[in-house]
Amino acid sequence: MNPIKRIKGTQDILPEDSPKWTALEETIRKTMALFNYKEIRTPVFELTDLFARGIGELTDIVSKEMYTFQDRSKKSITLKPEMTAPVMRAYIENNLQAKSQITKLFYISPLFRQENPQAGRLRQFHQFGAEFIGAGSPEADAETISLALAIFKSIGLKGLELNINTVGDAESRVPYKKILQDFFNDEIKTPSDEVKRRIENNPLRVLDSKDPQLEEIIERAPKLIDHLNETSAQHYQTVKNILKAQDISFIEDTTLVRGLDYYTHTVYEITSSWLGAQNAICGGGRYDLLGQEISGKPIPAVGFAAGIERVLMALASQDGQIAEPRQLDAFIIALGDDAVNAAQSWLMKLRNAGFTSDTDFLKRSMKAQFREANRQQAKFVLILGENELAQNLFAIKNMESGEQQDVSFDQAIEFLKTLN
RNA sequence: GUGGGUGUAGCUCAGUUGGUUAGAGCACCAGAUUGUGGCUCUGGGGGUCGUGGGUUCAAUUCCCAUCACUCACCCCA
């Protein structure tokens, strides 16, 4: 019989790794609280339309990476490939703007994209992120950036680079798109179908193409930064000023566009020098157009999403220790049926007293039980054999020093407390 | 979807220019120590050599196909 294996691009997070996840999650929650962001959790699946309309039909995510299926009522359902659209949907559906004009939310969530896996890219992966909804001010943009950096700093991630750019507001983008389209149509003689499609539908996305044949043309392409209207230019400048005032260093990258249709104004990306080809650990920006797509009403918002697997990979390759392995306080070695029974009650007493504790469940030899205690990195072993049982005592051994002494049952818990 | 790399013990990997019973280290189990872990020594269990086919007297080795894993491209966290 063939054993069933996990689905390609998925991962089991085993006990040796899960403490790193919880440590990172704790850091995220702590820092989010410092910045006054509240947690939101949304369903793992949504109506396909949410992503098709929200993210954009022509984006890579929607056009070729979604896990989409029909449920029994023939509705088209999609496992969420990103969190911004679901959060915005929940914000609107639950009428959160009625509670407060500004809503600051964060999430930690699994996401799904059907791509070919490679280092730092999975089919089920996890992101944490923040969404600042209800303010169109550049100060909000800057806060999400410093929030992301604060989390990375707090877990000790080094070698990060912040890239920023602006894609302008709708008013500057429409005329610029036309200028770009004309430029590319003139310059690119033999566009591939993909490039042709992008020129037609979203010429901005040609800018972040990595096709070496286009590299030279992209460099000469008209820059959006030269075609920004007054509002957009001012917005971008303010964001940069705030970052400078906070001593946050950044690199301006005019080809940074980001794949999703809903971005406006500020876009940014944080990369790590410790990773392979997939070196972006965080991406974000302002998305004032998304609310419009979902609800018909414009809603200013800005946020970021960061990849948990990539953060952990970067930490691992820079040798960052974020979680201590947990060890066991007490291990009961029981010899003989009567002792095994007594050990079960004693386990409960130890646990009630707050000692992490365990015992052998296989009635193995004393040597084997000691080995097990050692494997579990037990600090103390409580030996309970026929002799000890008869005298109402444990032989308690300190596994580090090797010292051992008899301690009566009624003093055992107190004894451990003084030593622990 | 496309290209490269790798599939041999639980893990990391050697190896056979095609030839008898396929190896090491680590891990595991047992003994040395009849009720004491870690260190040491001795012994032991464990393999469809990814799968299917081809060439051959003979294939784990050569060839083809296929699957899995992995890295990379496009793009993204």
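**A note on the aromatic pairs**

1. The count comes to nine aromatic pairs in this predicted model. Rings of Phe, Tyr and Trp (its six-membered ring) pair if their centres lie within 6.5 Å; planes under 30 degrees apart count as stacked, over 60 as edge-to-face and the rest as tilted.

2. One to look at is Phe128 with Phe152, an edge-to-face pair with 6.2 Å from centre to centre and 65° between the planes. Phe128 sits in strand E6 (residues 124-133) and Phe152 in helix H5 (residues 138-154), so this contact ties together parts 24 residues apart in sequence. Helices (H or I, at least four residues) and strands (E, at least two) are DSSP runs, numbered from the N terminus.

3. Buried means under 20% relative accessible area, exposed over 50%, partly exposed in between (1.4 Å probe, protein chains only).

4. Phe128 also pairs with Phe304: the ring centres are 6.3 Å apart and the planes meet at 85°, so this pair is edge-to-face. Since Phe304 belongs to strand E11 (residues 301-307) and Phe128 to strand E6, the pair ties together parts 176 residues apart in sequence. Phe304 is buried, as is Phe128. Together, Phe128, Phe152 and Phe304 make one aromatic cluster.

5. A word on conventions: residues are numbered from 1 along each chain as its sequence is written, and chains are lettered from A and ligands numbered from 1 in the order in which they are written. In this predicted model local features need pLDDT of at least 70, side-chain atom pairs count only at pLDDT 80 or more, and totals for chains, interfaces and linings use all residues, while side-chain values use heavy atoms, with hydrogens and water left out.
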